[in-house]
Number of protein chains: 2
Amino acid sequence: MNAIPSNYSNQIPFHIAIDFVIFGYDEEELKLLAAKRQSTDDHQQWSLIRGFLFKNEHLEQAAARIFKEIMGHSSAHLEQLHTYSNPDYESGTYIISVVYYAIIRLSDQNKKLPKDLDAKWFNLKEIQELIFDPENIIDKAIQDLQEHAKTIPIGITLLPDKFTLTQLQAMYEAILQKKLDRGNFRKNILSVELLEKLDEKDKTGSRKGAWYYSFNENKFNNLIDNGVLIKISL
Amino acid sequence: MNAIPSNYSNQIPFHIAIDFVIFGYDEEELKLLAAKRQSTDDHQQWSLIRGFLFKNEHLEQAAARIFKEIMGHSSAHLEQLHTYSNPDYESGTYIISVVYYAIIRLSDQNKKLPKDLDAKWFNLKEIQELIFDPENIIDKAIQDLQEHAKTIPIGITLLPDKFTLTQLQAMYEAILQKKLDRGNFRKNILSVELLEKLDEKDKTGSRKGAWYYSFNENKFNNLIDNGVLIKISL
DNA sequence: ACAAAAGTGTTGCTACTACACCCATGG
DNA sequence: CCATGGGTGTAGTAGCAACACTTTTGT
């Protein structure tokens, strides 16, 4: 049962694709990266970003490699979502697609994409109409992202090292796609005690100025290592 | 980017394995099915149940087929967990392993396993020591199962068509691995209004007798179809 | 002085926990 | 008549949502 059946080898030309749902956050709203398909069908011209697994490469390695090829750097949170057996029958071969999602900060450099890749950032409503997604992969990715966001650190990479609570709240609102109460948000997020108030204010947003905070990553990692699961109520 | 790279075809002999974490519930505790490995290493002699994907077969089809080959029937809730790139390098080929988990009722017939399959039911503590599981697949499966159990219907297949609330509670306690308060459990489970009290009592458990209940599957499916997510607090 | 965003405090409610308390009945 | 599990009621509380209120400062 455990061994590979005889005559199984080389009979099946599986191709292992890695598809990406890449979210981008630009201090305003959540965007999604899609690439133009090399397809003749006009109705299905946009698709998720895709790459292929190489021999002797782990899935996570391949995911990181492909992501870097697209974005030029590797600072993103990658998370495996699900595996599908036939999202695409191109050229008649059997493609297994392992879907990952990533979320990155849309700084100026990230907005530049490789020229050979015909891809574009869309807002979420826009893309749902343009993309061929019978499995609702995007919805699943959003749901998974929202769930994960409640364990704090995903979002941290979406903001500068120092940030105001208002910025942090805006980020959560973009991910969760709903407005949050200011007072309650502050109480909740500060009660976790992973944010540290700095001695500096951001005066660009208001007359009064908002205190900068930073995320204590060491403290967070210690908690994780000790098996403590942080949950913030949003 | 989207097309399969030229010269990619047939270069990589991937094997797509489907590994199963199969939970069994026998009205008492949660068990796990493991098979004897055909390995020379004594320390790693038990492993998850494994099968392989055939050509032109969907992942879900393959999972159902393999499950049926093992258990003799197909009445189980199957759920995809995660995909790993090298849980096993047997015979030097590259195995991609898609892990599913299933949970079934350990009735008398289910306890009988195919003779050609050298497998056994273990309790959870036991197996964690005997199995080679560097990725903590089993823990992940348990967590996922516990999370899913809160949306009710998984557990229903683990009980007869009519069951007492005490039986139901025992099932949840087995899955969640903790004791629940009787009064609170009843209030919660009945507040969902998917259980219907029958006119019959089970007198085997107590002098007083406990009312039988049945699960209203139609009502549940209607709710699901309308996008209503049921959550019970346990 | 006032607008506008930052930050704090208060109130009411919901839902959960942890029990205590009855009920029915076979022996 | 009492032991045993079935079934119900309730007080106390933690945590949340909603909203009002205060603070600061550039113009």
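This is a predicted model: local features need pLDDT of at least 70, side-chain atom pairs count only at pLDDT 80 or more; totals for chains, interfaces and linings use all residues.
1. Residues are numbered from 1 along each chain as its sequence is written, chains are lettered from A and ligands numbered from 1 in the order in which they are written, and side-chain values use heavy atoms, with hydrogens and water left out.

2. Around DNA strand D there are 19 residues, of which A:R207, B:R182, B:R186, B:K187 and B:W211 come nearest; a residue is near a strand if one of its heavy atoms lies within 4 Å of it. Of the atoms of DNA strand D that come within 4 Å of the protein, 51% belong to sugar and phosphate.

3. Polar contacts are pairs of N or O atoms within 3.5 Å; within protein, one atom must be able to donate a hydrogen and the other to accept it, and residues adjacent in sequence count only if both atoms are side-chain atoms. On DNA strand D, a polar side-chain atom of B:K187 is 2.7 Å from a base oxygen, and an N or O atom in the side chain of A:R207 is 3.4 Å from a base nitrogen. B:G209 uses a backbone N or O atom, which lies 3.4 Å from a sugar or linking oxygen of DNA strand D.

4. The surface near DNA strand D draws at least two residues from each of α6 (182-191) of chain A, α6 (182-191) of chain B and β10 (210-215) of chain B, and α6(B) gives the most, with 4 residues. Here helices (H or I, at least four residues) and strands (E, at least two) are DSSP runs, numbered from the N terminus. By class, this surface holds 2 nonpolar, 8 polar and 9 charged residues, where Ala, Val, Leu, Ile, Met, Phe, Trp, Tyr, Cys and Pro count as nonpolar, Asp, Glu, Lys and Arg as charged, and the others, Gly among them, as polar.

5. DNA strand C has 18 residues around it, and A:R182, A:R186, A:W211, B:N184 and B:R207 come nearest. Sugar and phosphate make up 56% of the atoms of DNA strand C that come within 4 Å of the protein. A base nitrogen of DNA strand C lies 3.0 Å from a side-chain N or O atom of A:K208, and a base nitrogen is 3.4 Å from a polar side-chain atom of B:D181. The largest share of the surface near DNA strand C, 4 residues, comes from α6(A), and the surface divides into 2 nonpolar, 7 polar and 9 charged residues.

6. Chain A is assigned domain 1 (12-149) and domain 2 (155-225), with bounds that come from an automatic or database domain assignment. The two domains of chain A bury about 1100 Å² between them, 60% of it on carbon and sulfur atoms; buried area is the accessible area (1.4 Å probe) that two parts lose on being put together, summed over both. In domain 1 of chain A, A:Y25, A:R105 and A:Q146 lose the most area to domain 2, together 45% of what that side buries.

7. Across this interface of chain A the rule finds 0 salt bridges, a salt bridge being a side-chain nitrogen of Lys or Arg within 4 Å of a carboxyl oxygen of Asp or Glu. The rule does find 3 residue pairs in polar contact between domain 1 and domain 2 of chain A (both at pLDDT 80 or more).
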